[in-house]
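Hi,

Here is the model I promised to pass on.

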Amino acid sequence: SQAYNCLIHFYKRYNHNKMDPSVKTTIEQRLLETGEKERLKEHLRNRLIEAGWREELKLHAKEVVANKGLNNITHDELVKEITPKGRALVPDVVKKELLVKIQTFLSHQNNM
């Protein structure tokens, strides 16, 4: 889903260059095992809907299809075309909320 891809992009963007791969793997495992990953995805999905992000991205997708022609673009090409705008449209406040939620989660984890 687009929200999941956005979450992954956000996570990689803010942690990719600063983190040992084994630590990253451990964090990803903890997020998954505790159910926090699903909670974060659900929070992100809801906040993006509230912010009108989903509707804006739908409109952009319709514009792309209208410009290229429905028979001239594949699903994968459409996703590739709209992804940069989708990422750019995520409100800063939503990114910050997600970062705080991840940081809070990590601060409550032991034995990391």
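Predicted model: local features only at pLDDT ≥ 70, side-chain atom pairs only at ≥ 80, totals over all residues.

**What I found**

Residues are numbered from 1 along each chain as its sequence is written, and side-chain values use heavy atoms, with hydrogens and water left out.

Overall, there are six helices and zero strands, counting DSSP runs numbered from the N terminus (H or I, at least four residues, for helices; E, at least two, for strands). Taking contact to mean heavy atoms within 4.5 Å, residues 24 or more positions apart account for 71% of the chain's contacts with a separation of 6 or more.

Now to helix 2. Its 14 residues, 21-34, reach 20 Å from first C-alpha to last, close to the 20 Å expected at 1.5 Å a residue (that is, 1.5 Å times one less than the number of residues). Lys 24, Ile 27, Arg 30 and Leu 31 are buried in this helix. Seen down the axis of helix 2, the buried residues fall within an arc of 125°, so they line one face; the arc is taken over the directions from the helix axis to the C-beta atoms. Just after helix 2, Gly 35 has a positive phi of about 85°.

Next comes helix 3 (residues 36-50), which packs with helix 2 at an angle of about 80°, the axes being 4 Å apart. Axes here are lines fitted to C-alpha atoms, for helices over the stretch in contact, and angles run from 0 to 180 degrees between N-to-C directions. Helix 2 and helix 3 are therefore roughly perpendicular, the class for 65 to 115 degrees. Leu 31, Leu 32 and Thr 34 of helix 2 make the contact with Glu 36, Lys 37, Arg 39 and Leu 40 of helix 3.

Finally, Pro 91 sits in the loop between helix 5 (75-89) and helix 6 (92-107). At 23% relative accessibility, Pro 91 counts as partly exposed. Leaving out residues up to four places away in sequence, Pro 91 touches Leu 48 and Ala 51.

Cheers

Notes
Buried < 20%, exposed > 50% of the residue type's maximum accessible area, 1.4 Å probe, protein only. Parallel < 35°, antiparallel > 145°, perpendicular 65-115°, else oblique.
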